Amino acid sequence: MDPVEIGIWGVPLAMLAGAIRVSTPFLFVSLGECLTERSGRINLGLEGTLIFGAMTGYAIAYRTGSPFMGVAAAALAGAIFGLVHGWICKFKGVNDIAVGIALMLLGTGLAFFFGKPYIQPVAPKLPAIPLGAWSDIPQVQAALQVNVLFIVGAVLAVAMWWMFRSTRVGLVIRVVGDSTDAARAMGLDADRVRLLSTAAGGALAGIGGAYLSLYYPGSWNEGISSGQGLMAVALVIFARWNPINCFWAALLFGGAGALGPALQSVGVTGGYYLFFAAPYVLTLGLLIATSSPDRAMQGAPAELSITK
Amino acid sequence: MSDQTSPAALPSGAPILSVLMPRAEGLVIPLAALLAGALAFSLFLLMVGKSPTAFFGLVWLAGFSTAFSWQNTLSQVSPLLFAALCVALPARLGLVVIGGEGAIVLGGLAAAVTAAMVTGWSAPFGIAVMVLSAMAIGGAWIAAIGALRIKRGVNETIASLLMAYIAIAMFNHLVEGPFRDPASLNKPSTSPVADTLRIGDMSLISAHWGVAVGIIMCVLCWVLIEKTTLGFAARIAGDNLRAAQVQGLPVGRLVIGFTALGGAFAGLAGFFEVAAVHGSANASLIAGYGYTGILVAFLARHNPLAIIPVAILLGGFAASSGLIQRRMDLPDATILVFQGMIFVAILLSETAYGRFRVFSSVYWGGR
C-alpha cells in the first residue's frame, strides 16, 4: 500500500505512535520504582537493571528462539538485582541512593561484559497487535501497531493502583513505607517487605529492558538505553507515587522522546541533539515544578530518603 | 577521622593506641573493602574461566611497573582527581552530586571555544582566559544543582544526572553545529587549540601539568575542609542541615559555594583534557571520567587527601584496560565490572564503622 499524503498531521500521528512505542520501558521501570518507593526505599540502580535486562532478554530470546522466554529471563535477572539492592540496604548506615549508583555501574558493566557476543546475532522480536486494522491509511496502521507489553503494562498500572488501595499486600507496603515504627508495632518485618518490593520492582525494570532489545529499537548494543531507567525514577516523583499517574507520565515522556524522530520524518532535521535532549529537559522541568523546599511532597512515602 | 579527639586533648600517659586505633578505622575498613571487592572480582573471573593472577599481573605491568606504565597511569589521573573533587566537596555537605561528566565536557568546550578567540594572545593571558571560562561554566553548571536543591528542594542526585545528559546533548549539538571546524571531517571537532596555548608535559615526569595541579587542588581542598572555619561550617551542615540552619549558618551560600567549587574543578578537568591531551573539543571528551570520579570520591570517603592515592590506583586500572583486553581476550567492560564490585563493597563497608571494639579509644584505655 502506498503512503497517503497526510501532510502536517504526520507529526501528531508520529508522536502518538512514538509515544506508545517509546513509553513502554518508562512505564515498566516507573511502575517498578513506584512499588519500591512505596515501601520506603529508593532504587536508583534501575538504569543498570534496565540495561542488564535488555541484554539478558536478547541473549535468552536468541538462544531459545522465544522472545517471551527472553522477557521472563530479563524479569528474573532484574529480580536478582533488586534482591541484591534490598539485601545491601538492610544493613545499618548504608545509603540506598549510593547503593543504587553502584549497582547502576555494576549492572551496566555486567551487561556489556556478557553482552559482547550478542551484538551481531538477530533475536526474534516480540509480536505486536495491529489495532489500526480498521483504517485504510498505512500511517495510521503503522502507528497503532501496539506491542503486547504496552497493554500488559497498562493493565498492571491499574492492578497496582487497586493493590495499593484495597488489598492487604498494598496496605502492608504502604505502612512499611510510611513508618518503620508503625510497621514494627504491627508485627511486620519492614526489611523483608522492602526486600521483596525492591525485587519485584527490579523484575519490572528488567522487563522494560527486554522491551528495548526485543521490540523497540529491537536490537542489543551498548547504547541501548539513554537514561530511561533514571528518568523513570524522576517520573515517579512527578506521578506522586500513583501507578495510574505513572502510566500517563510514561506516555508524556514517550511523546517527548518521539518529538525528534517525528519532526525528522517531516523533514525538520536541524538540532537533532537538542530534540534528543527533550525528555531530560522535560524531566528536570517537572522535577523543579513539583518539588518544594519547605513542605514534604504530597503523597510521598514518609520513610523515603529522597524526600527527607 | 577529623572528629576524633586530637592527641593534645588527651591526658598525658594515655596509651598511644587509644589515639591511633580510632584513626586507623578510617583506613583499615576502606582497605578491607577494597580487598573484598578485588576478591569478589577474582571469583567472577574464575567463574568465566579467566585467571585472576593474570589479570592483576597485567594491571601491575601496564599500570605501575615501569616509567612508561606510570606515564600511562598518570595520564588518567588528572581528570579523576578533579572529577572526584566534584563529588567529594558537595558530599561533605551531605549532597550526592554525580553529574560531574556534564561539567567536564562543557568546561572542555568552553576552553576550546575561548582558545579560538584568544589565539594571538601570549600564553599566560590566553591560558588564563581559557581556564577561567572552563571553571566558570563548570562551576555554574554544578552550582545550579546546588541552588535547585536549596531553593526548590529538587533532589540533587537525579537533577545532576539529568543535567549531565543535557550537557552532553548540548555539547554534541555545538561541536557538530556552530563550533565545528569545517576541516574536521570524520570526527566533528572544534578548531584546534593554537600550539602556544597548549599545556605541555612536566619536565621531571612525563605527565601533563594537570596531574600536579590536581594534586595541589586536592591538598588545598583538604585544608579548606579540615582547617578553615568555612570548612568547619560545611561539615556541621553536612552532619545535620537543620541544626546548622538553627545555629544561623549560611547553609544556602555554603551549598552553592561548595557545588560551584566542585563544578569549577570538573570544568578544569575539561580544560586540561582539551589543552593538554586532545587539542580540541570532540567526542573523546565524553570518556566517563565523571563517573569513575564518583567511585574515587566514595572510596576516598570524600577526603580530598585520600582522593590522590585512590585516583592513582583507579587510574592504573583504567590504563591497563587495553592490555587486558588484548592479552586476556576480555571485553572492555571488564574494568567497569571491577569498579562496580569495589563500589558495592565499599558501600557495604559503611555498616562496619563503630562495630569493632578494637577501633574504640576506650578499648585501649583511652577515654
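# Helix packing and confidence in a predicted complex

Helix 4 of chain B and helix 6 of chain B run roughly parallel to each other (angles under 35 degrees count as roughly parallel, over 145 as roughly antiparallel, 65 to 115 as roughly perpendicular and the rest as oblique). This is a predicted model, in which local features need pLDDT of at least 70 and side-chain atom pairs count only at pLDDT 80 or more, while totals for chains, interfaces and linings use all residues. Residues are numbered from 1 along each chain as its sequence is written, chains are lettered from A and ligands numbered from 1 in the order in which they are written, and side-chain values use heavy atoms, with hydrogens and water left out.

**Exercise 1.** Describe how helix 4 of chain B packs against helix 6 of chain B.

*Solution.* Step 1: the two helices (DSSP runs of H or I with at least four residues, strands being runs of E with at least two, numbered from the N terminus) pack at an angle of about 25°, with their axes 8 Å apart. Axes are lines fitted to C-alpha atoms, for helices over the stretch in contact, and angles run from 0 to 180 degrees between N-to-C directions.

Step 2: helix 4 of chain B passes helix 6 of chain B in a left-handed crossing (the near helix is turned anticlockwise from the far one by less than a right angle; clockwise would be right-handed).

Step 3: helix 4 of chain B contributes E101(B), G102(B), V105(B), L106(B) and L109(B) to the contact, and helix 6 of chain B contributes A164(B), A167(B), I168(B), F171(B), L174(B) and V175(B). Contact means heavy atoms within 4.5 Å.

Step 4: by class, this contact of helix 4 of chain B with helix 6 of chain B has 9 nonpolar, 1 polar and 1 charged residues (Ala, Val, Leu, Ile, Met, Phe, Trp, Tyr, Cys and Pro count as nonpolar, Asp, Glu, Lys and Arg as charged, and the others, Gly among them, as polar).

**Exercise 2.** Locate A112(B) and list its contacts beyond four places in sequence.

*Solution.* Step 1: A112(B) belongs to helix 4 (residues 100–117) of chain B.

Step 2: because its relative accessible area is 2%, A112(B) is buried (under 20%; exposed is over 50% and partly exposed lies in between, with a 1.4 Å probe and protein chains only).

Step 3: apart from neighbours within four places in sequence, A112(B) touches T190(B), V274(B) and A281(B).

Step 4: F271(B) is 159 residues away from A112(B) in sequence, yet the C-alpha atoms of the two are 7.8 Å apart.

**Exercise 3.** Work out how helix 12 of chain B is oriented towards helix 7 of chain B and towards helix 11 of chain B.

*Solution.* Step 1: helix 7 (residues 209–227) of chain B and helix 12 of chain B have axes that come within 7 Å and cross at roughly 155°. Helix 7 of chain B is therefore roughly antiparallel to helix 12 of chain B.

Step 2: I215(B), C218(B), V219(B), C221(B), W222(B) and I225(B) of helix 7 of chain B meet P304(B), L305(B), I307(B) and I308(B) of helix 12 of chain B. These residues divide into 10 nonpolar, no polar and no charged.

Step 3: helix 11 (residues 289–299) of chain B packs with helix 12 (residues 304–319) of chain B at about 135°, the axes being 9 Å apart. Helix 11 of chain B is therefore oblique to helix 12 of chain B.

Step 4: the crossing of helix 11 of chain B and helix 12 of chain B is right-handed. On one side stand L295(B), V296(B) and L299(B) of helix 11 of chain B, and on the other I307(B), V310(B), A311(B) and L314(B) of helix 12 of chain B. This contact holds 7 nonpolar, no polar and no charged residues.

**Exercise 4.** Characterise the backbone at P217(A), R240(A) and D329(B).

*Solution.* Step 1: a cis peptide bond, with omega about 0°, joins Y216(A) and P217(A). P217(A) lies in the loop between helix 9 (190–214) and helix 10 (228–238) of chain A.

Step 2: R240(A), although not a glycine, has a positive phi of about 55°, and at 23% relative accessibility it is partly exposed.

Step 3: D329(B) has a positive phi near 55° and, at 62% relative accessibility, is exposed. Its place is the loop between helix 13 (321–328) and helix 14 (334–348) of chain B.

**Exercise 5.** State the predictor's confidence for the complex and for chain B.

*Solution.* Step 1: the complex receives an ipTM of 0.92 and a pTM of 0.91.

Step 2: chain B averages a pLDDT of 90, and 96% of the residues score at least 70 (pLDDT is the predictor's confidence in each residue, from 0 to 100).

Step 3: residues 1–8 of chain B stay under 50.
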